[in-house]
Every structure is written in C-alpha cells, then in structure tokens.
Amino acid sequence: MASYKIFLLPGDGIGPEVTSEVEKVAKVIAGAGLASFEFEKGLVGGSAYDAHGAAISESDMALAQAADAVMLAAVGGPKWDKVPYDARPEAGLLRLRKDLGLFANLRPAVCYPALADASALKREIVEGLDIMIVRELTGGVYFGEPKEIIDLGNGQKRAIDTQVYDTFEIERIAAVAFELARKRGNKVTSSEKHNVMKSGVLWKEVVTGLHAKSYSDVKLEHMLADALGMQLVRWPKQFDVIVTDNLFGDMLSDVASMLTGSLGMLPSASLGAADANGKRKAMYEPVHGSAPDIAGKGVANPIAMIGSFGMALRYSFGLGEAADRIDSAISEVLASGFRTADIKGEAASSISTSAMGDAIVAALQKAL
Ligand code: NAD
C-alpha cells in the first residue's frame, strides 16, 4: 500500500477547526486500505509569526519541500494587521507558492443540486454546474517588473505594473488545462484580451500552437476575458475547463465561486511542474480565508477543506476513485439535509463543524 507524506498547515482562525475534519476523512481512506498517510504539522501565517516572528519558518519550508503534498487551511486575522509587511500572514502563503513553483491554480466550481438555491443565480442556471478554472499563478502583472510608483515632480505620481508572459509560461499552463479537459468534458476555453494587450496576442498564439501540435483531440475556443465574465453569469454550464492568466484568473474564479453558493464549499489545488517521474509539487487549500468572525465557535463549514483533500487524492496520489467517493459522500450528506450555518438557507437548523465532518465520514465509510 502506498504511503504519502502530507504536510498540514492549519494556519489561523477557523484553519485548525476545518483541518481536524480532514484528518478524520484521511483515517477512513487509510482504514479502507487505499493508501496510508503520514501527517506532519507546521505553522503558517499569524500563528507562525507569534511563534517565530516570520510568516513561515525555514524548517517548515523544508518540510513543505519534502512532502508529497501540502495542505494549508487559511491565514490571517485582525490580530496581525499591524505586523511588519514582510512578516504579514499572506507572506507565508506567497513564499510557499513561489518556492514550490506552483504555477497552476485549479479551482473547480461545482454546484451540488441540494445547494442550487443557495446560489445568487437561478437554480436552472447553476444546478449541476461543474467547471474548472485554471489560473496562471506565478507570472503576469502581479509579478512583472517594473512595478513601481514614480514621483513625477509636478505634483503628479505615476503607477506602473507590468504584464509580462514568456512562451514557456503560457505553454505549461495551457498543457495543464488540456490534460485536465481530456479527463473531463474535453473542452478548453482560453481567455485573454488580445484585442488590446500584446500579452493577449502571444497568449492566444501560443495556446493555438500547442493545441495544433499536441492536443487537437480537445475542443478549443477563445473568449475575451470581459465576455467570459459576462458568460459566466449568463450560462456557466457552457464551460468545461477555462484557462487564463493571473489577473483575469483571480477575478473570474471569484465570480465563479459565487455560482456555487458559499465560500465554505470551494476547494483549490496549486500545482508545480512535473519532474522526470511525472510527480508535481502541490499545495491544496480551501478558497476561503480564516473567517475570524466565526473562529473558535465550531460552526465553520469543513467541506472546502475536505474537498481540497479530495483534490490531493486525485492530483497528487492517483486516487481519483477515492476522491470521487468523497465528492459523493459530500453530495449525499447535503441531499440528506445536513447544513452548516453558512449554507443553512431555509433549513430548520444547522450543525457544527465536527458534526458535518462526522456525517461525511459516515457516508464515506458506507461507500468504501
Ligand atoms: P473569509 O473567507 O475569511 O470570510 C468571508 C466570509 O465568509 C466571513 O463571513 C466568513 O465567516 C465566511 N466564511 C469563510 N469561510 C467559511 C467557512 N469555511 N464556513 C463558514 N463560513 C465561512 O474572508 P475575509 O473575511 O475577507 O478575510 C478574513 C481573513 O482571512 C483576513 O485576514 C484575510 O486576509 C484572510 N484571507 C486568507 C486567505 C487564505 O488564507 N488563502 C484567503 C482570503 C482571506
């Protein structure tokens, strides 16, 4: 039986609460003999700052590098609003992404039928939705140089951000999207703004070239990023895999997140380049933050975190079937009416974080 090293970074706020539920689910998968997991725990964000004066320590960075997968819950909170900029909680997250070379951010937006009424959109538009947004995470305008504010000396200042992409960066993110599409609905929508941006012209050219060379079996369409934003709320079920740059991906994936109802439902994966054995560095985390408003109350929804563990099974450990079982267990529990407070809707009552974890564990045990 294969054994995997998972480095757990519960972080701040509700992080430790939702992380405990993942450990329960992992025990069930291990108990069914599908794999065994070796968990190591570290500190990131505010909790790391309190312990070491940095958003992540060097020894925890070394453990993250050595792990088969990193699972991070969330960082931040008002307690650390005034810490030095380089030690702010998010710096730990950015360091992990940068040092592990995690260039591909995968954000599924799935609408469980039982929650279709929790979406801001009409049931028929979102029910059964299952799309994947692939966002380039380490390039583009968030990192391009120059990046500065210049004093023009005449009472004016000039702010400069630089949108920059090289061929290899576009090629490798597009390849991730095409590979994913082959295992899903076999369609990729590539999005940029080639009508007004040179980086968009190159993006479209490189994606088109890679498609012709290696992925012509996958359906490819191009859509301008502004039009895609509109289509995401008009008829999102037309999409399968969307691939786009760092800036557009940031915005479009947040739009997509609202199609599904609650932040507490959304997992994500960030992947690095494949090594000679096809193995990638990877970090899995819920999309939500540390939710300081509900931290310590035992009411947080653990589904995004459990779903992130499912993504680790699928994308790091080759256990797609076990990941499917987790998704089905979540779907079954929701269909049976179990709700945490954030997805309560019209339900009469809601259950705690650990009760939701237990319900998913029970459904999973039956399915394995
Ligand atoms: P947030 O995601 O923490 O919370 C937004 C709202 O959603 C809150 O009302 C919260 O209670 C609710 N919510 C979030 N996750 C939930 C869950 N699992 N179950 C139930 N309800 C949930 O975003 P915010 O309030 O803007 O930020 C709070 C802190 O988290 C800030 O310090 C911010 O910087 C940080 N943050 C961290 C990450 C990350 O670690 N990746 C992401 C976003 C925000």
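Predicted model: local features only at pLDDT ≥ 70, side-chain atom pairs only at ≥ 80, totals over all residues.
Which strand and which helix each supply at least two residues of the lining of the largest cavity? Strand 4, residues 104-110, and helix 9, residues 246-257, each contribute at least two lining residues.

The complete lining of this largest cavity consists of R107, P108, A109, I133, S253, A256, S257, L266, P267 and V287. Sorted by class, the lining holds 7 nonpolar, 2 polar and 1 charged residues.

In terms of class, the lining of the second largest cavity comprises 4 nonpolar, 3 polar and 3 charged residues.

The next subject is the ligand. It is surrounded by 20 residues, and the closest of them are E90, G289, A291, D293 and N301. This shell is made up of 9 nonpolar, 7 polar and 4 charged residues.

In the case of E90, an N or O atom of the side chain is 2.8 Å from an oxygen atom of the ligand. For A291, a polar atom of the backbone is 2.8 Å from an oxygen atom of the ligand. N301 also takes part through its backbone, where an N or O atom lies 2.9 Å from a nitrogen atom of the ligand. On its own, the ligand has 800 Å² of accessible area, and the protein covers 68% of this.

Is I170 buried or exposed? I170 belongs to helix 6, which runs over residues 167-182. The residue counts as buried because its relative accessible area is 0%, and the term applies to values under 20%. To place I170 relative to another part of the chain, the reader may locate H288, which is 118 residues away along the chain. The C-alpha atoms of I170 and H288 are separated by 27 Å.

Methods:
Residues numbered from 1 in each chain as written. Heavy atoms only, no water. Near = heavy atom within 4 Å. Polar contact = N/O pair within 3.5 Å; in protein donor to acceptor, adjacent residues only side chain to side chain. Areas by Shrake-Rupley, 256 points an atom, 1.4 Å probe, with all protein chains shown as cover. Nonpolar A, V, L, I, M, F, W, Y, C, P; charged D, E, K, R; others polar. 1 Å grid on protein atoms, 1.4 Å probe; cavity = no way out; pocket = protein on both sides within 12 Å on 5 of 7 lines; lining within 4 Å. Helix = DSSP H or I, 4+ residues; strand = E, 2+ residues; numbered from the N terminus. Buried < 20%, exposed > 50% of the residue type's maximum accessible area, 1.4 Å probe, protein only.
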